[in-house]
Amino acid sequence: MTKMIWNEAMKVGVEELDEDHIKLVALLNEVADAIATSQGRDTVNEILGRLMESMKAHFAREEDFLVKSGYPGAAEHQSEHDQILRTALELQARFRNDGSPMISVELVSTLQSWLGNHIQGADMQYGPRLNTTVFTSADSQNRCAVCAIV
């Protein structure tokens with residue numbers, strides 16, 4: 001399985017969000033490694049759980065920043081997050097139920113493709129606006145509509 005490579009061209013220029021993106025890439029690569037080295041269902045499940053929680057936290061933070069900055073595409077951006085999170089959670093549940101390595105491979109491939117495209121597309125569009133807004137995630141509210149899904 002191919003690993004996702006983080007590079008400077010993927011920086012949106014908002015430190016917290018760039019750090020989140022780096023963490024998501026690292027977790028995707030950790031899942032890919034666990035699958036490639038046949039580390040077993042429990043290990044893959046544990047990493048997938050951390051990945052889903054990191055996605056939820058990142059999406060909530062990013063969406064909060066978009067709303068606070070008055071970004072005009074905030075609702076559409078949230079919709080993109082909701083759609084991929086719903087897909088990822090469905091694939092995770094399928095893997096949890098039957099443990100098929102093909103489902104975990106499908107999940108990693110789907111997320112690698114989506115994350116790369118999303119960062120270099122939709123996320124790059126908000127960069128200039130967020131870079132002119134000062135805010136902290138300490139008071140972030142959970143705006144991610146799908147984040148409550150287990």
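The following legends describe close-up views of a predicted model. Local features require pLDDT of at least 70 and side-chain atom pairs count only at pLDDT 80 or more, while totals for chains, interfaces and linings use all residues. Residues are numbered from 1 along each chain as its sequence is written, and side-chain values use heavy atoms, with hydrogens and water left out.

**View 1. Packing of helix 1 against helix 4.** Helix 1 (residues 15-36) packs on helix 4 (residues 101-130) at an angle of about 170°, and the two axes are 11 Å apart. Helix 1 is therefore roughly antiparallel to helix 4. From helix 1, the contact is made by L17, H21, L24, V25, L28, N29, V31, A32 and I35. Helix 4 contributes S104, V105, V108, L111, Q112, L115, I119, D123, Y126 and L130. By class, this contact has 14 nonpolar, four polar and one charged residues. Helices are DSSP runs (H or I, at least four residues), numbered from the N terminus. Axes are lines fitted to C-alpha atoms, for helices over the stretch in contact, and angles run from 0 to 180 degrees between N-to-C directions. Angles under 35 degrees count as roughly parallel, over 145 as roughly antiparallel, 65 to 115 as roughly perpendicular and the rest as oblique. Contact means heavy atoms within 4.5 Å. Ala, Val, Leu, Ile, Met, Phe, Trp, Tyr, Cys and Pro count as nonpolar, Asp, Glu, Lys and Arg as charged, and the others, Gly among them, as polar.

View 2. The 29 residues of helix 2 should span 42 Å at 1.5 Å a residue, in agreement with the 42 Å between its end C-alpha atoms. The expected span is 1.5 Å times one less than the number of residues. S54 lies in helix 2 (residues 41-69) and counts as buried because its relative accessibility is 12%. Buried means under 20% relative accessible area, exposed over 50%, and partly exposed in between (1.4 Å probe, protein chains only). Neighbours within four places in sequence aside, S54 is in contact with K23, L24 and L27. G70 follows helix 2 and has a positive phi, near 75°.

**View 3. Helix 3 and its buried residues.** The buried residues of helix 3 are A74, H77, H81, D82, I84, L85, A88, L89, L91, Q92 and F95. Their cover includes helix 2 and helix 4. L89, placed in helix 3 (residues 74-98), counts as buried because its relative accessibility is 6%. L89 and L48 are 41 residues apart in sequence, with a C-alpha to C-alpha distance of 9.5 Å. Just after helix 3, G99 takes a positive phi of about 70°.

**View 4. The aromatic pairs.** The structure holds two aromatic pairs. F59 and W114 are edge-to-face, at 5.9 Å centre to centre and 70° between the planes. This pair links F59 in helix 2 with W114 in helix 4, 55 residues apart, and both residues are buried. Y71 and Y126 are also edge-to-face, at 6.5 Å centre to centre and 85° between the planes. Here Y71, in the loop between helix 2 and helix 3, is joined with Y126 in helix 4, 55 residues apart. Y71 is buried, with a relative accessible area of 14%, and Y126 is buried at 0%. Rings of Phe, Tyr and Trp (its six-membered ring) pair if their centres lie within 6.5 Å; planes under 30 degrees apart count as stacked, over 60 as edge-to-face and the rest as tilted.

Technical notes. Helix = DSSP H or I, 4+ residues; strand = E, 2+ residues; numbered from the N terminus.
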